[in-house]
Amino acid sequence: MTSRNAQYLFVYGYLMRKNRQLKELGVPDMPVEYLSDGFIYAHLYRVAGFPGLVYDNTRKSRTYGEVYLVKEQKNFFMEMDAYELSLPHYKESDVAYHRRIRPVHLHKGMTLPCWVYEFIQPTDHLTRIKSGRFELFG
């Protein structure tokens with residue numbers, strides 16, 4: 001997955017439809033169009049009250065979420081990187097994620113290159129979410 005201009009975003013936590021409607025999460029407006037549910041080969045961890053995804057090269061663990069078509073990329077990703085405390089746009093010392101392109105498998109059988117926010121802090125002290133599904137109040 002080398003295309004640096006992927007049009008798709010995979011979300012697995014606060015940015016999912018059911019969660020981003022909660023005003024207290026402070027999710028910015030998202031000019032996106034829902035495409036499908038899907039999964040990525042990754043480990044999912046509970047980081048305080050939010051999730052952290054770590055890509056799994058062994059393809060043994062899955063994290064489930066939603067895939068969106070991003071309609072306006074530049075401003076959208078600058079704002080989302082700040083919200084997610086993510087590289088490449090957010091460059092403060094408390095960065096927790098890096099937005100990368102990874103293959104995401106749709107339930108329709110297709111695979112798309114999607115932007116994914118990957119957790120880049122140590123995970124040895126975190127609780128793994130073995131189901132691969134983040135529940136906000138779980």
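These are my notebook entries on one predicted protein model, looked up piece by piece.

**Ground rules**

I'm working with a predicted model, where local features need pLDDT of at least 70 and side-chain atom pairs count only at pLDDT 80 or more, while totals for chains, interfaces and linings use all residues. Residues are numbered from 1 along each chain as its sequence is written, and side-chain values use heavy atoms, with hydrogens and water left out.

**Entry 1: the overall layout**

I found two helices and eight strands in the chain. Reading along the sequence, I wrote down β-α-β-β-β-α-β-β-β-β.

Next I looked up burial: buried means under 20% relative accessible area, exposed over 50%, and partly exposed in between, with a 1.4 Å probe and protein chains only. Of the 138 residues, 48% count as buried.

Then came contacts, meaning heavy atoms within 4.5 Å. Looking at contacts between residues at least 6 apart in sequence, I noted that 65% join residues at least 24 apart.

**Entry 2: strand 1 and its neighbours**

Which strands pair with strand 1? Two strands pair if DSSP finds at least two bridges between them. Strand 1 runs antiparallel to strand 4, with four bridges joining them. With strand 7, strand 1 pairs in the parallel sense over three bridges. Tyr8 shows up in both pairings: its bridge partner in strand 4 is Leu69, and its partner in strand 7 is Cys114.

I also checked the two faces. In a regular strand the side chains alternate between the two faces of the sheet. Here Tyr8 and Phe10 sit on one side of strand 1, Leu9 and Val11 on the other, and all of them are buried.

**Entry 3: aromatic pairs**

Rings of Phe, Tyr and Trp (its six-membered ring) pair if their centres lie within 6.5 Å; planes under 30 degrees apart count as stacked, over 60 as edge-to-face and the rest as tilted. How many aromatic pairs does a search of the whole structure find? It finds seven.

I wrote up Tyr34 and Tyr68, an edge-to-face pair at 5.7 Å centre to centre with 70 degrees between the planes. This pair links distant parts of the chain, with Tyr34 in strand 2 and Tyr68 in strand 4, 34 residues apart. Tyr34 is partly exposed at 30% relative accessibility, whereas Tyr68 is buried at 1%.

Why is the pair of Tyr97 and Phe119 called edge-to-face? Their ring centres are 5.5 Å apart and their planes are at 70 degrees, so the pair gets that label. Tyr97 is in strand 6 and Phe119 in strand 7, 22 residues apart. Both Tyr97 and Phe119 are buried. I also noted one aromatic cluster formed by Phe39, Tyr41 and Tyr64.

**Entry 4: pockets**

The definition took me a moment. On a 1 Å grid over the protein atoms alone, a pocket is an open set of points where a 1.4 Å probe fits, with protein on both sides within 12 Å along at least five of seven lines; lining residues have an atom within 4 Å of a point. Grid points are joined across faces, edges and corners, and the volume is the space filled by probe spheres set on the points.

The largest pocket holds about 240 Å³. Of its 14 lining residues, Phe50, Pro51, Tyr83, Glu84 and Tyr97 are the closest to its centre. Strand 1, strand 3 and helix 2 each supply at least two lining residues.

For classes, Ala, Val, Leu, Ile, Met, Phe, Trp, Tyr, Cys and Pro count as nonpolar, Asp, Glu, Lys and Arg as charged, and the others, Gly among them, as polar. The largest pocket's lining has 12 nonpolar, one polar and one charged residues.

The second largest pocket is about 150 Å³. Its lining has four nonpolar, three polar and five charged residues. Strand 4 gives the largest share of that lining, three residues.

**Entry 5: two single residues**

Is Asp81 buried or exposed? Asp81 is buried, at 0% relative accessible area, and lies in helix 2. Leaving out residues up to four places away in sequence, its contacts include Arg99 and Tyr117.

His125 is exposed at 61%, in the loop between strand 7 and strand 8. Its C-alpha atom is 9.4 Å from that of Val47, 78 residues apart along the chain.
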